[in-house]
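Please look over the sequence and the model first.

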Amino acid sequence: MLENFKVYLIEQGYSEFTPTGKPSTAYDYTKRVNKICLREALSVKYLAENIEIYIDKYGPTGNDSAFGKRSNNAFINALRRFGEFVASSN
């Protein structure tokens, strides 16, 4: 599912690689979604089925908002894009 998410991000215009060839946003967001799964001890499938709970949890007013804001909001932004991907897959 995460590989499909990466393809979705690329199709949405997110870059896969920087101009110097290093992994970029599509790769980073995929990695951050996986990190949330590890942190929460849940499967990617479970996260997908309950994405709104985790967007709220890591969002601006959630219990884990400080973690969501890390790296210029990369974690919450990755969760939001994952939510869009899940919605588009249904």
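The model is a predicted one. Arg 32, at 14% relative accessibility, counts as buried too. Arg 32 and Asp 28 form a salt bridge in which the closest N and O atoms are 2.8 Å apart. The two residues are 4 places apart in helix H2, so about one helical turn separates them. In total, the structure holds 8 salt bridges.

## Helix H2 as a whole

H2 has 16 residues and covers residues 25–40. From its first C-alpha to its last it reaches 22 Å, close to the 22 Å expected at 1.5 Å a residue.

Besides Asp 28 and Arg 32, the buried residues of H2 include Tyr 29, Val 33, Ile 36, Cys 37 and Glu 40. The buried residues of H2 pack against H1, H3, H4, H5 and H6.

Glu 40 is found in H2, and its side chain makes a polar contact with the side chain of Lys 57, at 2.9 Å. Leaving aside neighbours within four places in sequence, Glu 40 is in contact with Tyr 54, Lys 57, Tyr 58 and Asp 64.

Arg 39 and Asp 64 meet through their side chains in a salt bridge of 3.6 Å, N to O. Arg 39 lies in H2 and Asp 64 in the loop between H4 and H5, so this pair ties together parts that are 25 residues apart in sequence. Arg 39 counts as partly exposed because its relative accessibility is 40%, whereas Asp 64 is buried, with a relative accessible area of 18%.

## After H2: Ala 41 and helix H3

H2 is followed by Ala 41, which is placed in the loop between H2 and H3. The phi of Ala 41 is near 55°, a positive value in a residue other than glycine. Most residues other than glycine have a negative phi. With a relative accessibility of 72%, Ala 41 counts as exposed.

In H3, which spans residues 44–49, Lys 45 forms a salt bridge with Glu 49, the closest N and O atoms being 3.1 Å apart. Lys 45 is exposed at 54% relative accessibility, and Glu 49 is exposed at 53%. Lys 45 and Glu 49 are 4 residues apart in helix H3, so they are separated by about one helical turn. Elsewhere, salt bridges that share partners join Arg 39, Glu 40, Lys 57 and Asp 64 into one network.

## Helix H6

H6 runs over residues 70–89, which makes 20 residues. At 1.5 Å a residue the helix should span 28 Å, and its end C-alpha atoms are 28 Å apart, which agrees. H6 also has a kink of about 30°, centred on Asn 77.

Asn 77 is one of the buried residues of H6, as are Phe 75, Ile 76, Leu 79, Arg 81, Phe 82 and Phe 85. The buried residues of H6 pack against H1, H2, H3, H4 and H5.

Asn 72 and Gly 59 are 13 residues apart in sequence, and their C-alpha atoms are 13 Å apart in space.

Methods
Residues are numbered from 1 along each chain as its sequence is written. This is a predicted model: local features need pLDDT of at least 70, side-chain atom pairs count only at pLDDT 80 or more; totals for chains, interfaces and linings use all residues. Side-chain values use heavy atoms; hydrogens and water are left out. A polar contact is a pair of N or O atoms within 3.5 Å; within protein, one must be able to donate a hydrogen and the other to accept it, and residues adjacent in sequence count only if both atoms are side-chain atoms. Contact means heavy atoms within 4.5 Å. The expected span of a helix is 1.5 Å times one less than its number of residues. The bend at a residue is the angle between axes fitted to the seven residues ending there and the seven starting there. Buried means under 20% relative accessible area, exposed over 50%, partly exposed in between (1.4 Å probe, protein chains only). A salt bridge is a side-chain nitrogen of Lys or Arg within 4 Å of a carboxyl oxygen of Asp or Glu.
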